Amino acid sequence: MTDRALLHGALTRLVPTTEDDVDLLAQWFASPDFVEHWGGVPLSRDEVAQKYAGRRPRVGSFLVWEQRTNTPVGYAQYWHGGVAEGGIDMVLGPQARGRGLGPDAARALLAHLCGTLGWRRVTVDPARGNVRAVRAWQKAGFRQVTGETGDCLWEFRVGAGRPVD
C-alpha cells in the first residue's frame, strides 16, 4: 500500500523514497540537529533502512525537495489511521527551516491525501516546544485539538480547514 505518487507544491516536491535514498536518510537521521524533534535520538543506517525507505506497507515515505535549488531538504511520511484518515510526520534539515518549505510540503501532502485518496481528517503531533513546527502546521491549515489521551494534537478536517487544491 506504499504510495509511489510524486507530489508537487509551489516551493517543494515530494518524491517517494527508495533503497537509493538510504545513505542520504541515514546521514540525516544520524544528525542531532535533524532528529531534535523526531525522537531526539540519532538512528543507525539499518534502522533508517527499515523504517524510512518505503518498506512499510501502511506508510507513504517521501524525500522533500526544494524546487528552486533542486535539492533534497527533508523527509515526510503519512500513515493510515483508519477509514479516510491518518497522520503526517515531517522533518526538514536546519538549512531549510523558516523558509515556507514545511507548510508548502504539508499542503502538497494534504492535497494528495484529501483530494486524491479521499481522506477527511489528517492529524499531526509536533513536540509542544517546537514553536516553528506548530506555526508551519498552522500555516498549512491545521487546528489544535485535544487527543483521546489528553495530548495536544493538530488536525486538518476537510471542510473545516483551508480548501485542498
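**View 1. The lining of the largest pocket in this predicted model takes its largest share, 6 residues, from α5.** The model is predicted, and in it about 630 Å³ of space lies in this pocket. Of the 28 residues that line the largest pocket, M90, N130, R132, A133 and A136 are the closest to its centre. Besides α5, the elements β5 and α4 also supply at least two residues each to the lining of the largest pocket. Sorted by class, this lining is made up of 15 nonpolar, 5 polar and 8 charged residues. Rolling a probe the size of a water molecule over the atoms shows where empty space is left.

**View 2. The second largest pocket holds about 160 Å³ of space.** Its lining consists of W79, G81, E85, G86, I88, D89, R121, T123, V124, D125 and L153. The strand β5 gives the most to the lining of the second largest pocket, with 4 residues, while β4, β5 and β6 each supply at least two. By class, the residues of this lining divide into 4 nonpolar, 3 polar and 4 charged.

**View 3. The largest nonpolar core has 30 residues, and L14, I88, V122 and F142 are those with the most contacts inside it.** At least two residues of this core come from each of β3 (59–66), β4 (71–82), β5 (85–92), α4 (101–116), β6 (121–124), α5 (131–139) and β8 (152–157). Among the contributors to this core, α4 gives the most, with 8 residues.

**View 4. I88 is shown with its contacts, leaving aside its neighbours within four places in sequence.** The residues in contact with I88 are Q77, Y78, W79, L109, L110, L113, V122, T123, V124, W137 and F142. I88 is one of the residues with the most contacts inside the largest nonpolar core, and I88 also belongs to the lining of the second largest pocket.

**View 5. An open sheet is formed by 8 strands, in the order β1-β2-β3-β4-β5-β6-β8-β7, with mixed pairing.** At the edges stand β1 (7–8) and β7 (143–146), each of which has a single partner strand, so one side of each is left without a neighbour in the sheet. Strands of a sheet pair through backbone hydrogen bonds, either parallel or antiparallel. Here β7 and β8 run antiparallel and are joined by 4 bridges, and V145 stands opposite L153 in β8. L153 is also one of the residues that line the second largest pocket.

Conventions
Residues numbered from 1 in each chain as written. Predicted model: local features only at pLDDT ≥ 70, side-chain atom pairs only at ≥ 80, totals over all residues. Heavy atoms only, no water. Core = buried A, V, L, I, M, F, W, Y, C linked by side-chain atoms within 4.5 Å. Buried < 20%, exposed > 50% of the residue type's maximum accessible area, 1.4 Å probe, protein only. Contact = heavy atoms within 4.5 Å. 1 Å grid on protein atoms, 1.4 Å probe; cavity = no way out; pocket = protein on both sides within 12 Å on 5 of 7 lines; lining within 4 Å. Points joined across faces, edges and corners; volume = space filled by probe spheres on them. Nonpolar A, V, L, I, M, F, W, Y, C, P; charged D, E, K, R; others polar. Pairing = 2+ DSSP bridges.
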